[in-house]
Amino acid sequence: PRHVTLSNRSACFLKLGHHEKALADGTEAELLNPQYVKGIFRRGLALHAMKEYQEAIPVLARALAIEPKNKQIKQALQFAEVRMQQEYRKRMEG
C-alpha cells in the first residue's frame, strides 16, 4: 500500500537528515490512512527534528492514542515536551 511506502521513505529521509521530505511523506501517509500509526509517528519525528516542538507534540500524542503501549512513541513525546519547555525558558530569559 502507498501509505506504507511513504511512511518507510519518510523513515529513510529522517535518517538522512532530510526532515522536510520526511515531513511531506509522513503527512501524505497519514492523509492516505489516518489510522496508520507509523506514518503519524514519522510525521511527528520530522517535526521534532525540525525543532517544531509545539506542532510535534499533538501529532505524537495522536500516535500514542492509537498505540498507548508503544514505548518509542511515548519517549519521543516526552522528549518533545522537554525540548519545548527548554525553548520556552530560553525565550523568557533572553
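Tutor: Let's begin with how elements get their names: a helix is a DSSP run of H or I with at least four residues, a strand is a run of E with at least two, and both are numbered from the N terminus. The model we will read is predicted, so local features need pLDDT of at least 70 and side-chain atom pairs count only at pLDDT 80 or more, whereas totals for chains, interfaces and linings use all residues. Residues are numbered from 1 along each chain as its sequence is written, and side-chain values use heavy atoms, with hydrogens and water left out.

Student: Thanks! How much space lies in the largest pocket?

Tutor: A pocket is an open set of points on a 1 Å grid over the protein atoms alone, where a 1.4 Å probe fits, with protein on both sides within 12 Å along at least five of seven lines. Its volume is the space filled by probe spheres set on the points, which are joined across faces, edges and corners. Here, the largest pocket holds about 180 Å³.

Student: Which residues line the largest pocket?

Tutor: Lining residues have an atom within 4 Å of a point. For the largest pocket they are Ala11, Leu14, Lys15, Val37, Lys38, Phe41, Arg42, Leu45, Glu67, Asn70, Gln72 and Ile73. Two or more residues of this lining come from each of α1 (2–16), α3 (37–49) and α5 (71–93).

Student: Which element gives the most to the lining of the largest pocket?

Tutor: That is α3, with five residues. In the lining of the largest pocket, six residues are nonpolar, two are polar and four are charged.

Student: Is alanine 11 buried or exposed?

Tutor: We call a residue buried under 20% relative accessible area, exposed over 50%, and partly exposed in between, using a 1.4 Å probe and protein chains only. Alanine 11 lies in helix α1, and it counts as buried because its relative accessibility is 19%. Look also at serine 7 in helix α1: its relative accessible area is 0%, so serine 7 is buried.

Student: How do I read the packing of two helices?

Tutor: Two packed helices are described by the angle between their axes and the distance between the axes. Axes are lines fitted to C-alpha atoms, for helices over the stretch in contact, and angles run from 0 to 180 degrees between N-to-C directions. For α1 and α3, the angle is about 25° and the axes are 9 Å apart. That makes α1 roughly parallel to α3, since the term is used under 35 degrees; over 145 is roughly antiparallel, 65 to 115 roughly perpendicular, and the rest oblique.

Student: At what angle do α1 and helix α2 pack?

Tutor: α1 and α2 (residues 19–32) pack at about 160°, with 8 Å between their axes. So α1 is roughly antiparallel to α2.

Student: What is the handedness of the crossing of α1 and α2?

Tutor: A crossing is left-handed if the near helix is turned anticlockwise from the far one by less than a right angle, and right-handed if clockwise. The α1 and α2 crossing is left-handed, and α1 also passes α3 in a left-handed crossing.

Student: Where is valine 59?

Tutor: Valine 59 sits in helix α4, and at 8% relative accessibility it is buried. In space, C-alpha to C-alpha, valine 59 is 15 Å from serine 7, although 52 residues separate the two in sequence.

Student: Where does lysine 51 lie?

Tutor: Lysine 51 is in the loop between α3 and α4 (53–66). With a relative accessible area of 59%, lysine 51 is exposed. Its phi is near 65°, a positive value in a residue other than glycine.

Methods
Nonpolar A, V, L, I, M, F, W, Y, C, P; charged D, E, K, R; others polar.
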